[in-house]
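Here is a short tour of a protein model, written for someone who likes to have the structure open while reading. Please keep the viewer at hand.

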Amino acid sequence: MSATADHAEERTNPAGRLGFQPGQVVQEIGYDDDVDQELREAIEEAIEGDLMDEDYDDVADAVVLWFRDDDGDLTDALVDATTYIEEGGAILLLTPKTGRSGYVEPSDIQEAVSTAGLTASKSVSVGKDWSGSRLATPKAAKSKR
């Protein structure tokens with residue numbers, strides 16, 4: 001496949017834009033009836049496997065975290081998500097878009113990300129109802145485990 005075709009696919013496939021790659025183990029947290037099924041399928045296609053559910057108890061390369069305003073404390077959810085991922089792994093935080101049920105204020109997201117010791121590296125629209133933020137874990141924090 002040409003580099004041009006690869007770049008075109010990255011633009012059309014949100015999973016590719018978010019850096020998901022074949023062979024990765026990706027754990028999904030916060031799944032419910034309202035999640036974006038097309039995005040889930042795109043991620044599974046990109047990693048060439050199934051998403052692991054919340055009961056998965058091994059280390060993952062990345063975590064997909066669906067979070068709504070009424071799901072509890074976002075900082076706690078982010079800290080919990082970091083315990084499941086490989087050093088330097090990423091968390092894809094997905095929150096409902098403005099005007100959707102469960103919308104989370106951007107200032108609340110920024111505060112929780114900072115408090116959890118994460119860094120937001122990329123924000124993308126991942127569907128008509130969800131926005132995504134790719135969060136990076138600090139490599140040094142993982143060595144404290």
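What pattern does the protein chain follow, read along the sequence? The pattern is α-α-β-α-β-α-β-α-β-β-α, with 6 helices and 5 strands in the protein chain. Helices (H or I, at least four residues) and strands (E, at least two) are DSSP runs numbered from the N terminus.

A word on the ground rules. This is a predicted model, in which local features need pLDDT of at least 70 and side-chain atom pairs count only at pLDDT 80 or more, while totals for chains, interfaces and linings use all residues. Residues are numbered from 1 along each chain as its sequence is written, and side-chain values use heavy atoms, leaving out hydrogens and water.

**The chain as a whole**

Of the 145 residues in the protein chain, 41% are buried; buried means under 20% relative accessible area, exposed over 50%, and partly exposed in between (1.4 Å probe, protein chains only). The protein chain exposes about 8100 Å², with carbon and sulfur atoms supplying 44% of it; these areas come from the Shrake-Rupley method with a 1.4 Å probe. Among contacts (heavy atoms within 4.5 Å) with a separation of 6 or more, 74% join residues 24 or more positions apart.

**The largest pocket**

The largest pocket has a volume of about 280 Å³. On a 1 Å grid over the protein atoms alone, a pocket is an open set of points where a 1.4 Å probe fits, with protein on both sides within 12 Å along at least five of seven lines, and lining residues have an atom within 4 Å of a point. The volume is the space filled by probe spheres set on the points.

Its lining holds 17 residues, and T95, P106, I109, S123 and S133 lie nearest the centre. At least two lining residues come from each of β3 (85–96), α5 (106–115), β4 (119–125) and β5 (130–136). The lining divides into 9 nonpolar, 7 polar and 1 charged; Ala, Val, Leu, Ile, Met, Phe, Trp, Tyr, Cys and Pro count as nonpolar, Asp, Glu, Lys and Arg as charged, and the others, Gly among them, as polar.

| Residue | Location | Relative accessibility |
|---|---|---|
| R40 | helix α3 (residues 37–47) | 15% |
| E48 | loop between α3 and β2 (60–66) | 62% |
| G127 | loop between β4 and β5 | 21% |
| T137 | loop between β5 and α6 (139–142) | 9% |

Is R40 buried or exposed? R40 counts as buried, because its relative accessibility is 15%. Its side chain joins that of Q37 in a polar contact of 3.2 Å (a pair of N or O atoms within 3.5 Å, one able to donate a hydrogen and the other to accept it; residues adjacent in sequence count only if both atoms are side-chain atoms). Beyond neighbours within four places in sequence, R40 is in contact with E28, Y31, V35, L51 and W66.

E48 is exposed and has a positive phi of about 55 degrees, although it is not a glycine.

T137 is buried. Its side chain reaches the backbone nitrogen of G88 at 3.4 Å, and a polar atom of that side chain lies 2.9 Å from the backbone oxygen of G89. T137 and E86 are 51 residues apart in sequence, with 9.1 Å from C-alpha to C-alpha.

G127 counts as partly exposed. Leaving aside neighbours within four places in sequence, G127 is in contact with D36 and K97.
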